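Welcome to my notebook. I opened the structure and jotted down what I looked up, one entry at a time.

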Amino acid sequence: MDRATFETRLFGVLRWVVIAILVVVTLFPFYYMVLLSIRPIETVLANPGDLWAGPAEWTVSTYREVLGSVSSGGQGFVGLIGNTLLVATSATVLTLLISLPGSYAVSRLQFVGRRQVHFLFLAIYLFPAILLAIPLFTVFTRLGLRGSLFGLIIVYIAQTIPVSVYMLRNYLTTIPVSLEEAAAVDGYSRLQTLRKVILPLAAPAVMANALYVFMIAWNEYLFALLFLVENRGNWTVSLGLAQLSGGIEVSKTVLMAGSVVLTLPIVIIFFATERLLTEGLTAGADKG
Amino acid sequence: MVATEQRPAAPQRRRRPGRQLTRAQRENRAGLAYLSPTFLVVLVVVVVPILWTILLAFQRLRLINIRRSGLFGDFTLRNFEYVFTSPGFWSSLWTTLVYTIGGTAFSIIFGLIAALALRKRFPGRTLVRASVLLPYVAPVVAVTFVWEIMLSPQFGVTNDWGQRFLGWDRPIAFLSQREYTLWGVDVPLALITVIVFEAWRYFPFAFLFILARLQAVPRDLEEAAVVDGAAPTQLFRHILLPQLGAVIALLSVLRFIMTFNKFDDVWLLTGGGAGTQVASVRVYEFLTSRLDIGAAAAQGLVLAAALIVLLALYLKFFAPRVEEEA
């Protein structure tokens, strides 16, 4: 058997081993999260190594505690979900409203400073988010925006706009210019062309972008912690969950139920739109 | 931006000499107008705060007196003096570097392996690919909590199985033990654990980009090599790897920057304890527990400066090679 045959067989087997390991390593923590959230804390403490729980053992009391209102002894996560939805949706809509014309300009129009835009965006990532947090913390304290969801939305827009412009630009450059010229001949203004010709054609990219921004805003923790921690009524789910872990009287299974509540919407969105998202994110990357 | 104003309009736009100027001008105006909302947000929420941080770093400011103080106060270098001489500064910079290099390298290596394994089609590939991406898209708070509980010495599955099947004589506190003696060598246990977490959470990012690039590699090259009897390792070394050079270099820079500035992962896993105090956690502690805005800004600037120096070194030594490949 020569080297090529031997290696082909070896890697043919190894490939499946790697795939199996990958699936276990990535999915196990999520399985464990769900498992713990439906087991009573006593059985977890008694048998921490059990990786299976029959339906007889299942409980929903953890979820009742997480989602129940504060007045009824729960943690009031329903309200937090509302806050997070509001923040994430507003950030998504506003980011797209701002980045769509921006990316159109970068992809199609010749203007002064066009080539410098990328440097500006890259520079944003050179500075740690925590560095931005210091002056924003100070300004928001002064303006009374600290503790408000509005302040948080503005920060999320700024955090996601560079990637959003970049993703949309990559897609817009693939739309033929001739379509726009045809629209111009038909008497469309530039803004009309953008709305009636470009937007429908770029729908998949816009959708992928929206999901991306929504996920970032839904998952974000640092700024929520810095700005909202003193105002319990405005907490997001991430922040509420992190604060929950500080409480000694909260059992770990309740914490896991909270984690499931936080993760589930993202997982659903992700699996429903995986192809759209991954193609949107890596558009242009395959060109080297 | 000022420097480009003398630059002539793009030549391909010059069609009719008479109308060329007004048309270019109109396009210029439209371009700036369309970009202005983006620019405004970035300016107000990113650029101005960064510039302001630089000012803050040179003033002795505490959160209590921030309401009364103006933009320009008494400038001093005392914050930097304080930051450089406070205990743990150099060790935290070192920790940040180890954490960043480890997290970057492992996430890219695992991402590459995963991309190679999932390259060819097989039944259920879409589903496997989607689940591999889960660690990257899931909320950081939720995944750090699962890891914390999995690794917990009291009720975590890792320690239970380790003691039952691997013969560990006592539970290992992965996230709160600074040093662990393994075969007579002291290893920084908590730091390694957060690096492993970083690799787990971000290898999907590398995977995604490498897989996209792999699928764009022309098939005929590889087929020709196979006909010539090349083994898979030779194929990888001589055909795939040269094609992947540019994307791996790009990923290295991206992941290095992001990991270097990372805060939430370490903060949520260890709170910066047990030898995992990376520089961004220090900034946060200056800001929130000591309410010392000046010192926090100075520490943050030192972090950004260190990153810029490291990137400049990287670009100086690696950039020409990258350009050749790209």
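**Entry 1: a helix in chain A.** I began with helix H12 of chain A, residues 237–246, in what is a predicted model. I looked up its buried residues and found Val237(A), Ser238(A), Leu239(A), Gly240(A), Leu241(A) and Ala242(A).

**Entry 2: the contact between the chains.** Next I checked how many residues take part: 85 from chain A and 86 from chain B. On the chain A side, helix H1 (residues 3–37) gives the most, with 17 residues. I also sorted that side by type and got 58 nonpolar, 18 polar and 9 charged residues.

**Entry 3: the largest nonpolar core.** This core holds 164 residues, and I saw that Ala133(A), Leu152(A) and Ala206(B) touch the most other members. Helix H7 of chain B (residues 189–214) gives the most to the core, with 18 residues. Domain 1 (3–59) and domain 2 (70–287) of chain A each supply at least three residues. I then followed Ala133(A): leaving out residues up to four places away in sequence, it touches Leu222(A), Phe223(A) and Leu226(A).

**Entry 4: annotated spans of chain B.** An unreviewed UniProt entry marks "transmembrane region" on chain B at several places, including residues 32–58 and 97–118. I found residues 32–58 to be 96% helix and 0% strand, with end C-alpha atoms 35 Å apart.

Terms used:
Residues numbered from 1 in each chain as written. Chains lettered and ligands numbered in written order. Predicted model: local features only at pLDDT ≥ 70, side-chain atom pairs only at ≥ 80, totals over all residues. Contact = placed C-beta atoms within 7 Å. Helix = DSSP H or I, 4+ residues; strand = E, 2+ residues; numbered from the N terminus. Nonpolar A, V, L, I, M, F, W, Y, C, P; charged D, E, K, R; others polar. UniProt positions renumbered as here; feature names shortened; annotations may be inferred. Buried ≥ 20, exposed ≤ 12 C-beta atoms within 10 Å, placed from the backbone. Core = buried A, V, L, I, M, F, W, Y, C linked by C-beta atoms within 7 Å. Domains from an automatic or database assignment.
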